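The points are grouped by topic.

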Amino acid sequence: MTSLLIVAGEASGDLHGARLLAAARRTMPEIEAFGLGGDELAAAGFDAVAHSSEIAVVGITEVLKVLGRARQIFRQLLDEVERRRPKAAVLIDSPEFNLRLAKELHARGVRVCYYISPQIWAWRKSRVRTIARRVDRMWVLFPFEVEFYRGSGIEAVWVGHPLVDEVPVLPQVWDQGPPPAGEPYSVALLPGSRGSEIDALLPTLLRSVELLGRELPIRPFLVRAPTVPMSRLEEGMAAAGVRVEVVSDNRFDHLSRAHLTFCASGTATLELGLLGAPLIVTYRVGRFTALLAKLLLEVPRISLVNLVLGRHAVPELLQAEATPERLAGAARELLLDPARIAEMRRSLAELRPRLGASGAAERAAAQLVEELSR
């Protein structure tokens with residue numbers, strides 16, 4: 001058997017790690033994978049030392065709440081590395097945790113492969129020197145990342161984005177116009193996949209649709225991420241005094257039928273972009289985290305859709321701008337302006353070609369098998 005460590009610290013990394021593992025095992029079925037992951041990796045036959053939801057938070061003040069448990073998991077992972085002696089490690093995103101782990105793995109002689117690059121090209125570019133010391137191979141999602149990393153002597157391969165295969169092409173989405181007269185607009189809420197995101201965004205989004213509903217006929221609904229317990233959403237709706245329908249299955253089908261989505265910044269913005277579904281990106285973190293991000297960010301936009309397209313194709317309402325009044329007002333303007341919605345859809349149509357051809361997981365798996373076959 002070939003032992004492999006995989007560390008995925010949040011929901012999207014868990015999904016991509018599971019696809020990578022499944023693809024690699026089609027060529028090398030003897031792989032025995034262990035580490036940190038979620039339900040998707042567990043379903044792929046992964047031996048979890050801990051569940052990724054235990055440390056899946058964003059922001060400095062938010063991280064402090066799980067720091068103790070993160071340290072325990074860090075130590076457990078290293079103990080398992082000592083016991084199982086993996087031939088290589090695949091670290092997925094989550095740079096605060098994984099770059100520290102990479103240092104320890106490198107010291108133990110474990111080859112380190114990084115899948116889904118930390119977005120250091122957006123902030124803290126100086127960390128590329130740290131990566132060069134600790135990471136042996138980098139498998140990146142965006143073509144511009146290759147030049148960035150190779151310029152610092154890091155072996156980088158563009159494998160494409162796995163969401164190209166995950167998100168279906170639904171042609172009917174692109175033709176969707178306003179609802180018939182008297183019918184409601186369908187408005188979706190995507191408040192995130194982490195508990196800290198739900199706490200920060202859900203009350204604001206619920207209040208936003210309440211205000212929007214006073215001006216337009218709407219049918220709001222919330223798409224629950226698998227990592228978010230239904231009880232947490234119920235508590236949030238009860239506290240806000242606003243209830244909306246919650247859907248858990250067939251997320252892409254539901255989102256494709258929405259006239260507009262309020263979406264937490266993250267991987268979900270790319271999912272909506274690939275669907276061609278109009279969206280407003282929003283996000284809120286602790287005040288100290290926001291101040292630090294403002295000082296360190298080196299790009300003029302934060303949503304992945306706008307970063308990949310290189311322009312403000314979709315609105316971003318962040319931090320102080322992420323108020324119910326501002327969000328409801330922006331949504332109203334968009335919904336009542338079919339020309340702007342149509343322009344947004346034309347911009348989103350550019351996303352899929354820029355993310356590469358299908359088969360990203362298979363290409364990453366080929367790189368992994370090559371590494372394990374050394």
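Leucine 212 is buried, with a relative accessible area of 1%; buried means under 20% relative accessible area, exposed over 50%, and partly exposed in between, with a 1.4 Å probe and protein chains only. Leucine 212 belongs to helix H9, where helices (H or I, at least four residues) and strands (E, at least two) are DSSP runs numbered from the N terminus. This is a predicted model, in which local features need pLDDT of at least 70 and side-chain atom pairs count only at pLDDT 80 or more, while totals for chains, interfaces and linings use all residues. Residues are numbered from 1 along each chain as its sequence is written, and side-chain values use heavy atoms, with hydrogens and water left out.

**Surroundings of leucine 212**

- Leucine 212 touches Val187, Ile218, Ala328, Ala331, Arg332 and Leu335, not counting residues up to four places away in sequence; contact means heavy atoms within 4.5 Å.
- Glycine 329 is 117 residues from leucine 212 in sequence, and their C-alpha atoms are 7.4 Å apart in space.

**Overall make-up**

- The protein contains 18 helices and 13 strands.
- It has 374 residues, of which 53% count as buried.
- Among contacts in the protein with a separation of 6 or more, 69% are between residues 24 or more positions apart.

**Nonpolar cores**

- A nonpolar core is a set of buried Ala, Val, Leu, Ile, Met, Phe, Trp, Tyr and Cys residues joined through side-chain atoms within 4.5 Å.
- The largest such core has 91 residues, and those with the most contacts inside it are Ile6, Val90, Tyr115, Phe262, Leu270 and Ile280.
- Helix H9 (residues 195-213) gives the most to this core, contributing seven residues.
- A second, separate core has 31 residues, including Leu36, Ala70, Ile73 and Met138.
- Isoleucine 6 is in contact with Leu21, Ala33, Phe34, Gly35, Leu36, Leu41, Phe46, Val90 and Ile92, leaving aside neighbours within four places in sequence.

**Phenylalanine 262**

- Phenylalanine 262 lies in strand E11, which spans residues 260-264.
- Phenylalanine 262 counts as buried because its relative accessibility is 0%.
- Its C-alpha atom is separated by 5.0 Å from that of leucine 189, although phenylalanine 262 and leucine 189 are 73 residues apart along the chain.
- Apart from neighbours within four places in sequence, phenylalanine 262 is in contact with Val187, Ala188, Leu189, Leu190, Leu205, Ser208, Val209, Ile280, Leu327 and Ala331.

**Helix packing**

- The axes of H9 and helix H10 (residues 230-240) come within 10 Å and cross at roughly 35°; axes are lines fitted to C-alpha atoms, for helices over the stretch in contact, and angles run from 0 to 180 degrees between N-to-C directions.
- The crossing of H9 and H10 is right-handed; a crossing is left-handed if the near helix is turned anticlockwise from the far one by less than a right angle, and right-handed if clockwise.
- On the H9 side are Gly195, Ile198, Asp199, Leu202 and Leu206, which meet Arg232, Leu233, Gly236, Met237 and Ala240 in H10.
- By class, the contact of H9 with H10 has six nonpolar, two polar and two charged residues; Ala, Val, Leu, Ile, Met, Phe, Trp, Tyr, Cys and Pro count as nonpolar, Asp, Glu, Lys and Arg as charged, and the others, Gly among them, as polar.
- Helix H4 (residues 95-107) packs with helix H5 (residues 127-134) at an angle of about 35°, their axes being 9 Å apart.
- The crossing of H4 and H5 is left-handed.
- Pro95, Glu96, Leu99, Arg100, Ala102, Lys103 and His106 of H4 make this contact with Arg127, Ile131, Arg133 and Arg134 of H5.
- The contact of H4 with H5 has four nonpolar, one polar and six charged residues.

**Positive phi values in loops**

- Arginine 85 has a positive phi of about 50° although it is not a glycine.
- Arginine 85 is in the loop between helix H3 (60-84) and strand E4 (88-92), and it counts as exposed at 55% relative accessibility.
- Asparagine 250, also not a glycine, has a positive phi near 50°.
- The loop between strand E10 (245-247) and helix H11 (251-256) holds asparagine 250, which is exposed with a relative accessible area of 58%.

**Cysteines**

- The count of disulfides is zero, a disulfide being a pair of cysteine sulfur atoms within 2.5 Å.
- Cysteine 113 is buried, at a relative accessible area of 0%.
- Cysteine 263 also counts as buried, at 0% relative accessibility.
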